[in-house]
Amino acid sequence: RGGSDLEGVPMSTSNAAQKVLTLIATPSRTRTGLSWGIALALAGKWIYDAEQENPWIFSEAPTVLGTPRARELQFEDMEKWNAAVVSKDQQIKWKPSASGEGSQQHQWKS
């Protein structure tokens, strides 16, 4: 028999498969673009996964949805940073005045 290898497959599926095989088998601008697209998608996924495990390019592990962790500063981190900049005894501390929360007067202590 001289039939196709795709016997028993609907004609539209057979035509689509033939077009895909032709695209892959023959050099063309479309195939080059497809190759670059796949390569960039794989590289992006690889970088994203690597950054999730150990942030290196970004300052924190990237998130697709949700709030980035860099906006959620921890109090302990701020204290460490302040201690590295100015010694604890030279830091200025702010406390609201005892007269109320809406008051414009504030107390600064050094």
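Accessible areas were computed by the Shrake-Rupley method with a 1.4 Å probe, and for residues only the protein chains shown count as cover. On this basis, the accessible surface of the protein comes to about 10100 Å², of which 59% belongs to carbon and sulfur atoms. The model is a predicted one, in which local features need pLDDT of at least 70 and side-chain atom pairs count only at pLDDT 80 or more, while totals for chains, interfaces and linings use all residues. Residues are numbered from 1 along each chain as its sequence is written, and side-chain values use heavy atoms, with hydrogens and water left out.

The secondary structure consists of three helices and two strands, arranged from the N terminus as α-α-α-β-β; helices (H or I, at least four residues) and strands (E, at least two) are DSSP runs, numbered from the N terminus. Of the 110 residues in the protein, 5% are buried, where buried means under 20% relative accessible area, exposed over 50%, and partly exposed in between (1.4 Å probe, protein chains only). Among contacts (heavy atoms within 4.5 Å) between residues at least 6 apart in sequence, 0% join residues at least 24 apart.

Trp46, which is found in helix α2 (residues 29–53), is exposed, with a relative accessible area of 63%.
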